[in-house]
Amino acid sequence: NVGANGLNILNSNDNTTTTVDAGNKDVKLGDSSFSKIGNFTDSKVNDTAIRLVDNRTGVSILVEQIDSSLNLNDTYNSLISQGTYSSNQEINQNGVPAYFLYKESGEGYDSDIYFAKNNQNYKISGTNVTYDNSEYFINSCKNIIDTIGGSSSNDGKISRW
């Protein structure tokens with residue numbers, strides 16, 4: 001997860017960085033969009049879900065619009081209390097509360113990340129994320145959180161904090 005296993009979330013390792021693909025800025029997700037992330041190809045799952053895959057690393061990310069009437073803090077606390085996840089973390093990603101949940105194993109982990117932006121709730125999921133690809137996965141998710149919405153007023157420039 002973000003805080004365990006010696007992860008460096010400040011991104012000092014060049015091979016774990018993610019970049020917004022300036023040539024193709026938008027991936028459509030329902031009535032929202034987010035900036036395309038370099039090295040990832042996207043495929044529509046349904047009207048409210050997109051799968052992103054980086055064939056080079058094997059990292060796969062599912063981004064979904066979920067029920068906007070849910071209180072994500074309550075959802076997060078409920079999921080923690082069920083004991084299904086081995087670790088969790090709440091972060092403020094550039095002003096957006098994001099709830100990270102992990103199911104860890106010896107080789108890697110599964111992750112569910114919940115956040116709300118522009119009155120819409122979202123869930124980002126990753127399965128079988130290896131610890132070697134953990135920073136890359138986390139940084140890619142942060143890029144999605146930073147750029148999702150109706151506008152691309154940041155012109156592809158993102159801030160991770």
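Visitor: Which residues does phenylalanine 137 touch, not counting residues up to four places away in sequence?
Guide: This is a predicted model. Contact here means heavy atoms within 4.5 Å. Under that cut-off, phenylalanine 137 touches Val59, Ile61, Tyr109, Ser111, Ile113, Ser125, Gly126 and Val129.

Visitor: Which residues touch the most other members of the largest nonpolar core?
Guide: The largest nonpolar core has 28 residues. Those that touch the most other members are Ile61, Ile124 and Phe137.

Visitor: Which element supplies the largest share of this core?
Guide: Strand 1, strand 4, strand 5, strand 7, strand 8, strand 9 and helix 2 each supply at least two residues. The largest share is six residues, and it comes from helix 2.

Visitor: How many residues are in the second, separate core?
Guide: Leu72, Leu79, Tyr99 and Leu101 are included in this second core. Its number of residues is eight.

Visitor: Is serine 111 buried or exposed?
Guide: Serine 111 lies in strand 8. Buried means under 20% relative accessible area. The relative accessible area of serine 111 is 1%, so this residue is buried.

Visitor: Which backbone oxygen does the side chain of serine 111 reach?
Guide: Leaving aside neighbours within four places in sequence, serine 111 is in contact with Leu101, Tyr102, Ile124, Ser125, Gly126 and Phe137. At 3.3 Å, its side chain reaches the backbone oxygen of leucine 101.

Visitor: Which residue stands opposite asparagine 46 in strand 4?
Guide: Strand 3 (residues 41–46) and strand 4 (residues 49–54) run antiparallel and are joined by five bridges. A hairpin through two residues joins strand 3 to strand 4. Opposite asparagine 46 stands alanine 49.

Key: Residues numbered from 1 in each chain as written. Predicted model: local features only at pLDDT ≥ 70, side-chain atom pairs only at ≥ 80, totals over all residues. Heavy atoms only, no water. Pairing = 2+ DSSP bridges. Helix = DSSP H or I, 4+ residues; strand = E, 2+ residues; numbered from the N terminus. Core = buried A, V, L, I, M, F, W, Y, C linked by side-chain atoms within 4.5 Å. Buried < 20%, exposed > 50% of the residue type's maximum accessible area, 1.4 Å probe, protein only. Polar contact = N/O pair within 3.5 Å; in protein donor to acceptor, adjacent residues only side chain to side chain.
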